[in-house]
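Here are my notes on the ligand site. Please read them with the structure open.

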Amino acid sequence: MSVGIEEIAFYTPALSLDMVALAKARDEEPDKYTIGIGQTTQSVVPNYEDVVTMGVNAAKNFIDRVDRESIDMLLFATESGVDNSKSGAIFAKNFLGLKDGIRAIELKQACYAGTFALMQAKDFVTLHPDKKVLVIASDIARYGLKTPGEVTQGAGAVAMLVSTEPKLAVINDDTVYMVKDEPDFWRPIDSDIALVDGHQSTDVYKDMFLELWGRYKQESGLSLNDFAGWAFHMPYTKMAKKALDQILPEASEEGQALLKERLAASQYYNRHVGNLYTGSLYLSLLSLLDQSTGLVAGDRLGLFSFGSGAEAELFSLTLQEGFEKVLSKQATEAMLAARKPLSMSEYEAVFLDQRFDSKNTQKTDAPAGTGRCQFTGWQDQYRQYRIAK
Ligand code: HMG
């Protein structure tokens with residue numbers, strides 16, 4: 001019996017910011033942002049989106065094709081949770097019309113929790129082959145205006161259905177993982193922006209990738225030439241290049257050329273969206289699948305998951321016959337192209353006009369009739385949502 005990903009879908013908010021405009025406004029060389037860091041645009045979060053709306057909007061792309069009765073668990077991974085007690089999973093369970101006889105919970109460990117959710121889903125489905133698990137990884141990367149991290153902001157959600165009908169890819173039994181206590185990135189309870197030592201975090205990421213790759217090779221007996229491509233947690237696209245460059249010489253000449261070409265494919269969506277923390281690796285996977293040429297059923301893909309603080313996991317997927325049918329490349333590209341580009345002053349206004357204060361009774365700017373799940377503001381300090389049926 002094989003367990004893996006049956007469905008996958010992505011959602012990002014409908015506003016964007018151009019990184020050349022950001023660089024000019026921050027007195028930086030545009031090439032530093034677009035080449036040195038590797039970002040072209042970032043999604044900007046209006047005050048009517050949060051991790052619940054984005055997660056629901058991602059899952060809505062496939063949920064009507066699935067027998068809801070079969071979904072026994074909803075795992076909601078985020079580090080941008082909307083409440084310190086109530087799980088975003090419960091809001092999402094309701095808005096997606098899932099049954100009451102379900103387990104639904106929110107998981108947090110920086111950008112890593114989406115992978116923990118995927119692995120828990122795999123283990124659960126292995127024990128209960130007639131059940132399915134919905135995994136949602138939804139986040140807002142928010143560092144603050146005029147900070148070094150600003151260029152690496154972004155937002156979005158990836159939803160995945162895990163089952164014994166892995167139409168996209170089987171999750172192989174080859175995972176290796178590790179934890180190290182590192183003060184590289186964190187967000188105090190009283191802060192709406194992340195605090196980070198950006199250079200230290202980059203070093204921790206690179207070191208953990210190398211350590212896990214060494215263990216992976218030893219335990220699996222595989223080498224770099226066994227991989228048709230890689231997807232990485234991608235806080236900025238240059239990060240993935242820095243990681244892969246460490247091991248690239250291990251591949252044959254032909255293999256190196258192919259892996260570089262596939263790296264560019266895996267960076268494409270992330271370059272245009274920015275960091276989405278828990279969902280970032282899975283957006284990179286979607287990007288690799290949509291933007292590569294020549295991938296075939298049976299190909300093994302490497303995945304590297306990293307969350308500051310720090311926790312990492314390295315594993316592989318095997319593509320299944322007909323995997324292309326699960327993808328929705330045109331819809332994803334159309335969603336990115338349809339985003340409204342903001343001027344710098346519009347971006348700064350949107351960034352500051354959020355509803356983090358539960359005592360603020362002013363409604364959000366949620367436009368009516370979009371067919372999407374929207375946050376409409378606070379009432380009696382309780383979050384209010386609008387969901388189109
Ligand atoms: P910075 O200090 O502004 O940039 O911060 P820099 O001076 O290091 O320059 C960046 C790159 O641009 C360098 O290339 C420069 O050489 C190059 P590198 O040496 O790194 O290859 N450069 C240029 N290239 C072309 N033309 C030019 C030019 N000028 C300079 N004219 C930093 C950059 C990414 C550190 C910052 O944006 C930041 O702190 N970001 C947030 C933290 C982050 O993304 N860390 C990544 C690893 S941690 C992680 O992945 C976890 C995370 O997702 C959170 C979680 O787990 O929840 C963040």
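1. Start with Asn-275. An N or O atom in its side chain lies 3.0 Å from an oxygen atom of the ligand. That is a polar contact, meaning a pair of N or O atoms within 3.5 Å. The ligand taken alone exposes 1100 Å², and the protein buries 75% of that (Shrake-Rupley areas, 1.4 Å probe).

2. A caution on the source. This is a predicted model, where local features need pLDDT of at least 70 and side-chain atom pairs count only at pLDDT 80 or more, while totals for chains, interfaces and linings use all residues. Residues are numbered from 1 along each chain as its sequence is written, and side-chain values use heavy atoms, with hydrogens and water left out.

3. Two other side chains deserve a look. A polar side-chain atom of Glu-79 is 2.4 Å from an oxygen atom of the ligand. Ser-201 places a side-chain N or O atom 2.9 Å from a ligand nitrogen atom.

4. The shell. The ligand is surrounded by 31 residues (a heavy atom within 4 Å). Glu-79, Cys-111, Pro-148, Lys-238 and Lys-242 are the closest. By class, the shell holds 14 nonpolar, 11 polar and six charged residues (Asp, Glu, Lys and Arg count as charged; Ala, Val, Leu, Ile, Met, Phe, Trp, Tyr, Cys and Pro as nonpolar; the others, Gly among them, as polar).

5. Which elements build the shell? Helices H2 (30–37), H6 (198–220) and H7 (237–245) and strand S13 (300–307) each supply at least two residues (DSSP runs: helices H or I, at least four residues; strands E, at least two). H6 gives the most, with five.

Definitions and conventions: A polar contact is a pair of N or O atoms within 3.5 Å; within protein, one must be able to donate a hydrogen and the other to accept it, and residues adjacent in sequence count only if both atoms are side-chain atoms.
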